Amino acid sequence: MKAFQLKNIGNAGIAEIPAPEIQEGQVLLKVRANALCRTDAKMWKMGHRDLILPRVLGHEFCGTLASDEKLYVAWPGNACGKCDFCRKGYENLCDQMEIVGFHKDGGLAEYAAVPEKNLLPVPDNLPDKLACMAEPLACTINALTMANVRKDEKVLIFGAGPVGLMMALAIQVRNAEPTVCEINPSKIQMSRNFQRKTGITVTEKVPQGKWNTVINAAPALETFTDGVKNLISGGSFCIFSGFTKNCPQPSMAKEMVNALNEIHYRQLRISSAYGCTRQQIRLALKILENQADILSLLIEKTITIEEIPQILPKIWAGQALKYIVKPI
Ligand SMILES: [Zn+2]
Ligand SMILES: [Zn+2]
């Protein structure tokens with residue numbers, strides 16, 4: 001079968017490989033749609049903590065089973081189901097976690113092997129190109145849950161990439177008030193249809209104000225130091241995106257100490273989110289069904305597997321909304 005494979009860091013391309021063999025408890029999913037994610041581009045450019053090479057990338061996908069021709073989203077995790085984390089509903093924290101597209105081959109191929117228990121049925125009226133966005137949307141739901149975002153609260157998101165915008169919509173669905181801050185004017189332009197349709201503001205300057213919650217959907221450390229300054233006392237910062245490792249300027253160390261002290265003096269809270277649970281994918285599928293018109297605005301284009309190599313640099317540069325790959 002045809003697949004998009006990362007062989008080494010910086011070296012990815014189309015490969016002809018055998019269809020995956022099914023292990024016990026797994027099923028073979030014919031991949032119908034796989035959304036490209038900035039994490040795919042990150043793995044290609046600089047690797048990732050959870051990446052094992054060589055790897056067929058892709059963790060945001062849906063597909064059909066040969067047995068019933070129905071569409072399913074695959075939760076990309078594989079948790080043990082028995083440990084304390086799994087039993088308490090934090091299966092994304094399972095010590096034995098293996099992620100499809102990271103530890104195991106993923107959805108940027110004609111077929112993917114996934115545990116049967118990870119399949120979540122897609123509502124009949126939801127097309128595959130939208131259903132595959134359930135995973136990133138579910139990750140934003142995880143962040144809102146961990147940050148305990150409640151009705152009428154004001155939430156500031158740093159980063160107007162597709163996931164920042166999805167998060168803003170998920171906040172609006174909760175009847176809270178999102179605002180998105182984006183330093184790149186071309187990205188603000190890119191989201192103008194989304195802004196018009198939702199009434200959500202995307203602004204270039206950090207809006208001064210008192211936010212109940214600030215969440216970073218962008219990797220710059222300044223999102224943390226600026227975000228903390230603008231929280232109400234007792235408010236919460238949620239770390240959603242990992243921070244870039246190379247510290248931009250020496251003065252940042254001082255800024256970080258100031259931010260940590262501000263957390264202390266004003267009893268601010270820190271939360272964080274990584275990945276999502278199956279239940280959060282179910283919730284995301286509901287939002288996708290109800291908000292299909294709006295979420296469609298986040299799709300840049302539908303492409304083939306062969307087109308991925310030329311698109312990945314664009315995603316890495318943050319110059320695109322969602323590209324949906326249709327492998328077949
Ligand atoms: Zn992703
Ligand atoms: Zn577990």
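Colleague: Is H5 mostly covered or mostly uncovered?

Modeller: This is a predicted model, and in it H5 is mostly covered, with nine of its 12 residues buried. The buried ones are Pro162, Gly164, Leu165, Met166, Met167, Ala168, Leu169, Ala170 and Ile171.

Colleague: What span should helix H5 have, and how far apart are its end C-alpha atoms?

Modeller: Helix H5 covers residues 162–173, and at 1.5 Å a residue its 12 residues should span 16 Å; the end C-alpha atoms are 17 Å apart, which agrees.

Colleague: And what about asparagine 175, what is its phi?

Modeller: Asparagine 175 follows H5, and its phi is positive, near 65 degrees.

Colleague: Switching to the metals, which residues are the protein donors of the zinc ion (ligand 2)?

Modeller: Cys80, Cys83, Cys86 and Cys94 each give their SG atom to the zinc ion (ligand 2), and these donors lie 2.3 to 2.4 Å from it. Along the sequence, the donor residues of this zinc ion follow the spacing C-x2-C-x2-C-x7-C.

Colleague: What is the geometry of that site, the one of the zinc ion (ligand 2)?

Modeller: The site of the zinc ion (ligand 2) is tetrahedral, with angles of 105 to 117 degrees among its four donor atoms. For reference, the ideal angle for four tetrahedral donors is 109.5 degrees.

Colleague: Why does cysteine 86 count as buried?

Modeller: Cysteine 86 counts as buried because its relative accessibility is 13%, and the cut-off for buried is under 20%. Cysteine 94 also counts as buried, because its relative accessibility is 5%.

Colleague: Are histidine 59 and glutamate 60 buried or exposed?

Modeller: Both histidine 59 and glutamate 60 are buried.

Colleague: Last topic, the sheet: in what order do the three strands come?

Modeller: The three strands form an open sheet in the order S2-S1-S4, with antiparallel pairing. Strand S2 (11–16) and strand S4 (55–56) are the edge strands, each pairing on one side only.

Colleague: How many bridges join strand S1 to S4?

Modeller: Two bridges join strand S1, which covers residues 2–8, to S4, and the two strands run antiparallel. As for residues that face each other, leucine 6 stands opposite arginine 55 in S4.

Technical notes
Residues numbered from 1 in each chain as written. Chains lettered and ligands numbered in written order. Predicted model: local features only at pLDDT ≥ 70, side-chain atom pairs only at ≥ 80, totals over all residues. Heavy atoms only, no water. Donors = N, O, S within 2.8 Å, 3.2 Å for Na, K, Ca; no water. Tetrahedral: all angles 85-135°; square planar, octahedral: opposite > 155°, others 65-115°. Buried < 20%, exposed > 50% of the residue type's maximum accessible area, 1.4 Å probe, protein only. Helix = DSSP H or I, 4+ residues; strand = E, 2+ residues; numbered from the N terminus. Expected span 1.5 Å × (residues − 1). Pairing = 2+ DSSP bridges.
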